[in-house]
Amino acid sequence: MADETMKDIGELQRLARLAERPQVKKLLETEVQRLLATVPATVTNGNGSNDGAATQSSAAATATAATTATKTRDAKVFAAPIKTYGWDQTSSAVKIYVTLEGVGTIPQEQVQVKFSEGSFSLLVENLNGKNHTLSVTLGDKISTEKSSFKIRKNNVQLSLHKSSPGNWSHLTAKEKKEDDKKKDKYSEKPAAAAAAAPEDPQAGIMNLLKKMYDDGDDDMKRNLSKAWVESQDKQARGDFGAP
């Protein structure tokens with residue numbers, strides 16, 4: 001009976017290690033503690049050795065360690081968005097440098113990086129009581145298969161492999177969009193200035209004369225034609241003074 005109980009304890013401990021939900025993990029650990037209380041202090045095998053007691057002691061130690069780990073994981077952790085980072089590039093890749101004091105001392109599974117074709121995200125869990133996060137939408141495309149990251153003592157380095165070789169004008173889509181807006185604004189200024197400029201006075205007079213000619217009677221048209229011919233003759237002679 002005791003052997004079966006110890007097997008149950010072992011199975012429950014295995015399930016507790018696999019459980020991700022805090023409440024489920026606590027329930028399993030509580031059941032482990034309850035079963036341990038029912039096992040005699042000494043459980044012997046067929047040879048009279050004290051293997052049962054050793055197993056019970058080991059199981060209790062494992063259960064205690066699991067409980068401690070759960071409490072540590074469940075401790076209140078604050079979100080801390082990463083606001084500053086460095087970057088540079090080559091023709092084939094973009095390098096991202098994120099400084100986080102002591103990041104190399106925590107378990108590697110607490111550092112998670114995800115790459116997509118047009119973005120990347122970084123999550124560093126429970127570093128100095130904070131979950132550090134960084135999410136960036138890129139201004140160009142990358143290869144998720146060839147991109148990678150490295151964890152150093154005090155920083156995380158990401159290597160974003162470009163889908164197409166070349167120089168990126170901007171790292172983020174936001175920066176690229178803002179710059180495009182500025183360029184569009186500047187390109188519109190000359191056109192707007194031309195539209196706002198006053199019309200040529202000479203062109204205005206010609207338009208008025210044309211309208212008078214179109215709307216006038218035969219006498220008006222003859223007089224306007226005569227005045228136009230005389231004006232052209234004076235301009236040809238360079239005579240702009242009084243007659």
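A: Here is a walk through the strands and sheets, with a short tour of the surroundings at the end. Please keep in mind that this is a predicted model.

Let's start with the whole chain, to get our bearings. The protein chain holds six helices and eight strands. Read from the N terminus, its elements follow the order α-α-α-β-β-β-β-β-β-β-β-α-α-α. Of the 243 residues in the protein chain, 23% are buried. If you take the contacts between residues at least 6 apart in sequence, 56% of them join residues at least 24 apart.

Now to the sheet that contains E5 and E6. This open sheet is formed by four strands in the order E1-E6-E5-E4, and its pairing is mixed. At its edges stand strand E1 (78–81) and strand E4 (111–116); each has a single partner strand, so one side of each is left without a neighbour in the sheet. From one strand to the next, the twist averages 15 degrees. As background, strands of a sheet pair through backbone hydrogen bonds, in either a parallel or an antiparallel way. E5 and E6 pair in the antiparallel sense, over seven bridges. To see one spot of this pairing, look for Leu127, which stands opposite Lys130 in E6.

The stretch around Leu127 deserves a careful look. Asn126 is found in strand E5, which covers residues 119–127. The phi of Asn126 is near 50 degrees, a positive value in a residue other than glycine. Asn128 sits in the loop between E5 and strand E6 (130–137). Asn128 has a positive phi too, about 55 degrees, although Asn128 is not a glycine. What makes such values worth a second look is that most residues other than glycine have a negative phi. Asn128 is exposed, because its relative accessible area is 62% and the cut-off for exposed is over 50%.

From here, move along to His132, whose place is in strand E6. His132 counts as buried, because its relative accessibility is 13%, under the 20% cut-off. The side chain of His132 reaches the backbone oxygen of Leu127 at 3.3 Å. Not counting residues up to four places away in sequence, His132 touches Ala80, Ile82, Leu100, Leu122, Leu123, Val124 and Leu127.

The other sheet to visit is also open. Its four strands come in the order E2-E3-E8-E7, and the pairing is antiparallel. Strand E2 (86–89) and strand E7 (142–151) stand at its edges with a single partner strand each, so one side of each is left without a neighbour in the sheet. Ignoring direction, neighbouring strands of this sheet are turned by 15 degrees against each other on average. Strand E3 (residues 93–99) and E8 run antiparallel and are joined by seven bridges. Here you can look for Val98, which stands opposite Val156 in E8.

Now for what follows E8. His170 lies in the loop between strand E8 (155–162) and helix H4 (173–196). His170 is buried, because its relative accessible area of 18% is under the 20% cut-off. Which side chains does His170 meet in polar contacts? A polar contact of 2.9 Å joins the side chains of His170 and Ser169, and one of 3.4 Å joins those of His170 and Asp179. Leaving aside neighbours within four places in sequence, the residues in contact with His170 are Trp87, Glu175, Lys176 and Asp179.

Helix H2 (residues 22–38) has 17 residues and reaches 25 Å from its first C-alpha to its last, close to the 24 Å expected at 1.5 Å a residue. The buried residues of H2 are Lys25, Leu28, Glu29, Val32, Leu35 and Leu36. These residues cover an arc of only 120 degrees around the axis, which means they are on the same side of H2. On the face of H2 turned away from this buried side, you will find the exposed residues Gln23, Leu27, Thr30 and Ala37.

Note on methods
Residues numbered from 1 in each chain as written. Predicted model: local features only at pLDDT ≥ 70, side-chain atom pairs only at ≥ 80, totals over all residues. Heavy atoms only, no water. Helix = DSSP H or I, 4+ residues; strand = E, 2+ residues; numbered from the N terminus. Expected span 1.5 Å × (residues − 1). Buried < 20%, exposed > 50% of the residue type's maximum accessible area, 1.4 Å probe, protein only. Arc of directions from axis to C-beta. Polar contact = N/O pair within 3.5 Å; in protein donor to acceptor, adjacent residues only side chain to side chain. Contact = heavy atoms within 4.5 Å. Pairing = 2+ DSSP bridges. Axes fitted to C-alpha atoms, helices over the stretch in contact; angles between N-to-C directions.
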